[in-house]
Amino acid sequence: MLEYSIFYFKEMAMILGLTGGIGSGKSTVSKIFLSMGIKVFDADLIAKDILETEQVKEEIKEKLGKEFINLKSNSVDKELLKKEVFNNSKKLNILNGIVHPRVVDIYKKKYLEFKDKKEIVIFDVPLLFEVNLERYCDKVIVVDIDLKVQIERIKNRDNIDVALINKIIAAQMSREERNIKADILIENNGSLEELKQKIEKIIKDIERGKI
Ligand code: ATP
């Protein structure tokens, strides 16, 4: 039984980066941390908010095309944009050039806010290494998964075909490169219960000063 509480972490300070390939289980890991009372800052949510700012919508219109802005709702058509950029690496780079610096800026502020606090916090960032956000983390957790399991889980979760899944995986850092950079590697081919136990162990190791 899990018996951690916020009190349990009171005297510990650590910013943990959390990354991994698409569908590796980052959000699932984040939810487990959240259930332990640990704060999680999710880059996908941060990027979503950034996409709704007027300045970013203007840049998308100007650099990628006005068809990506839904005129009725005045919001970014994320599905269309996703399909477009994963079929065109030049456009993916343009979009990343618009969004990533803003995401990094927000994490820099979070780092400054939490670096001296006695608290464990999680920076859940799919492209953490690609945008060099490890510089704002004490340790980085990488969630690793076998390609077959990865494709199967994404297929079950999302309504996208295997060809697009493969394109997204190919556009990301390779599994090997990412795993080498990990301070803590979590293998997530098994059950949710196994995953939970691995996270409990990480927290215990932090508490004992082993990490
Ligand atoms: P993305 O990169 O797309 O944001 P992610 O890395 O956050 O994905 P999750 O959404 O957490 O990945 O997991 C992908 C899918 O796999 C989800 O449907 C999740 O419920 C499922 N999943 C994750 N871990 C396990 C597990 N250990 N056992 C069974 N299903 C799992």
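## Thr-28 and helix 1

Thr-28 sits in helix 1. Helices here are DSSP runs of H or I with at least four residues, strands are E runs of at least two, and both are numbered from the N terminus. This is a predicted model, in which local features need pLDDT of at least 70, side-chain atom pairs count only at pLDDT 80 or more, and totals for chains, interfaces and linings use all residues. Residues are numbered from 1 along each chain as its sequence is written, and side-chain values use heavy atoms, with hydrogens and water left out.

Thr-28 is partly exposed because its relative accessibility is 30%. Buried means under 20% relative accessible area, exposed over 50%, and partly exposed in between (1.4 Å probe, protein chains only). Beyond neighbours within four places in sequence, Thr-28 contacts Leu-192 and Leu-195. A contact means heavy atoms within 4.5 Å.

## Lys-26

Lys-26 also belongs to helix 1, which spans residues 26-35. Lys-26 counts as buried because its relative accessibility is 9%. Residues up to four places away set aside, Lys-26 touches Leu-18, Thr-19, Gly-20, Gly-21, Asp-124, Pro-126 and Val-143.

## Annotated site and ligand

An unreviewed UniProt entry places a "binding site" at Gly-23, Ser-24, Gly-25, Lys-26, Ser-27 and Thr-28. From this set, Gly-23, Ser-24, Gly-25, Lys-26, Ser-27 and Thr-28 line the largest pocket. UniProt positions follow the numbering used here, feature names are shortened, and annotations may be inferred rather than shown by experiment. On a 1 Å grid over the protein atoms alone, a pocket is an open set of points where a 1.4 Å probe fits, with protein on both sides within 12 Å along at least five of seven lines; lining residues have an atom within 4 Å of a point.

The ligand is surrounded by 15 residues, the closest being Lys-26, Ser-27, Thr-28, Arg-157 and Asn-188. Such a residue has a heavy atom within 4 Å of the molecule. The side chain of Lys-26 places an N or O atom 2.7 Å from a ligand oxygen. For Gly-25, a backbone N or O atom is 2.9 Å from a ligand oxygen. A polar backbone atom of Ser-24 lies 3.2 Å from an oxygen of the ligand. The protein buries 77% of the 630 Å² that the ligand exposes when taken alone.

## Two asparagines with positive phi

Asn-74 is not a glycine, yet has a positive phi of about 50°. Asn-74 lies in the loop between strand 3 (69-70) and strand 4 (75-76). Asn-132 has a positive phi of about 60°. Its loop runs between strand 5 (120-124) and strand 6 (139-144).

Note on methods
Polar contact = N/O pair within 3.5 Å; in protein donor to acceptor, adjacent residues only side chain to side chain. Areas by Shrake-Rupley, 256 points an atom, 1.4 Å probe, with all protein chains shown as cover.
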